[in-house]
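This report is meant for a reader who is new to the structure shown here.

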Amino acid sequence: MYKSCSLYLFSAFNPKTALDHSPKGIPALFVENNSSGSNLPASNRHKGNPVLSDGNLKEAKELQQLQRSFPLKQLVNQVHPQMTPRMISPRFRHASPWAGIHEEQERRKLFLHNFCGKYNSNHHSKLDLTEIVSRIYVEEKHKILYCEVPKAGCSNWKRTLMVLNGLAPSTDEISHNAVHYGRHLKKLDSFDSKGIHEHLNNFTKVVVVRDPMERLVSAFRDKFEQPNPYYHPVFGRAIIQKYRENATLEALRSGSGVTFREFVRYLLDAERPVGMDIHWEPI
């Protein structure tokens with residue numbers, strides 16, 4: 001339910017990205033003159049059919065009006081690579097067509113705040129502060145805190161943070177090992193208590209989530225359908241031993257070949273034979 005959260009926040013840093021991922025209406029900034037001299041969206045022009053329908057003509061006029069009220073120069077001047085989401089002016093956030101996105105973000109933040117207050121207040125009081133923030137990555141240059149959620153695009157989001165921090169010119173040039181084992185990004189638990197609170201109070205916090213069922217399927221395919229020297233012997237062996245009748249000696253030895261049905265039985269078992277893992281634990 002929070003799928004577009006991160007896209008909205010991060011698109012603010014790059015004018016081109018903001019245009020490419022903006023809501024319907026922004027393409028009005030890209031118009032061409034037709035033979036009659038009137039401005040029509042280039043996307044509505046087709047070979048051999050220069051005449052627009054009444055509906056398309058009405059849409060073209062609406063797009064022209066949006067262009068006049070929200071010109072490209074104004075958009076680019078307000079957003080540049082050095083800006084953080086907190087620096088974006090209220091005038092820009094609330095101007096059409098961004099007002100709806102901003103309101104949706106505020107609604108999601110309120111829902112998350114109320115949900116955590118209702119269900120997590122007692123749980124958090126028993127945890128150490130550094131444990132709570134142990135999966136939050138810090139990007140100092142643009143003042144971003146990214147809460148890592150495995151199997152929800154975390155590898156690519158960490159690549160994005162590395163590029164924003166100037167560690168690489170492009171996400172395409174960052175290997176999987178550099179993302180997960182390079183330790184190029186700081187974690188919030190590396191700061192003392194004062195530093196943790198300062199970052200939490202002053203940085204923009206981002207979490208990217210995924211449909212829970214899609215996330216489970218993704219975790220199963222990644223860890224059990226593909227060869228894996230850790231998950232097969234550690235989780236696969238235990239799952240096959242408990243949930244498969246007449247398992248072969250080879251399956252019990254290698255832990256390979258876990259079925260999705262067996263994986264689900266393991267997840268639902270209150271007395272599961274092996275603990276949970278970050279790739280399928282609740283977010």
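A salt bridge is a side-chain nitrogen of Lys or Arg within 4 Å of a carboxyl oxygen of Asp or Glu. This is a predicted model, in which local features need pLDDT of at least 70 and side-chain atom pairs count only at pLDDT 80 or more, while totals for chains, interfaces and linings use all residues. Residues are numbered from 1 along each chain as its sequence is written, and side-chain values use heavy atoms, with hydrogens and water left out.

The structure holds 11 salt bridges, one of which joins the side chains of Lys109 and Glu106 at 3.3 Å, N to O. Lys109 and Glu106 are separated by about one helical turn because they lie 3 residues apart in helix H6 (residues 99-119).

Elsewhere, the axes (lines fitted to C-alpha atoms, for helices over the stretch in contact) of helix H13 (residues 231-243) and helix H15 (residues 260-268) come within 10 Å and cross at roughly 90 degrees. H13 is therefore roughly perpendicular to H15, a term that covers angles of 65 to 115 degrees. In this contact (heavy atoms within 4.5 Å), H13 contributes Phe235, Ile239, Ile240 and Tyr243, and H15 contributes Glu262, Arg265 and Tyr266.

The second largest pocket holds about 570 Å³ of space. Of its 25 lining residues (those with an atom within 4 Å of a point of the pocket), Arg135, Tyr137, Glu148, Lys158 and His180 are the closest to its centre. H10 gives the largest share of the lining, 5 residues.

| Class in the pocket lining | Residues |
|---|---|
| nonpolar | 11 residues |
| polar | 6 residues |

Methods
Axes are lines fitted to C-alpha atoms, for helices over the stretch in contact, and angles run from 0 to 180 degrees between N-to-C directions. Helices (H or I, at least four residues) and strands (E, at least two) are DSSP runs, numbered from the N terminus. Angles under 35 degrees count as roughly parallel, over 145 as roughly antiparallel, 65 to 115 as roughly perpendicular and the rest as oblique. On a 1 Å grid over the protein atoms alone, a cavity is a set of points where a 1.4 Å probe fits but cannot get out, and a pocket is an open set with protein on both sides within 12 Å along at least five of seven lines; lining residues have an atom within 4 Å of a point. Grid points are joined across faces, edges and corners, and a volume is the space filled by probe spheres set on the points. Ala, Val, Leu, Ile, Met, Phe, Trp, Tyr, Cys and Pro count as nonpolar, Asp, Glu, Lys and Arg as charged, and the others, Gly among them, as polar.
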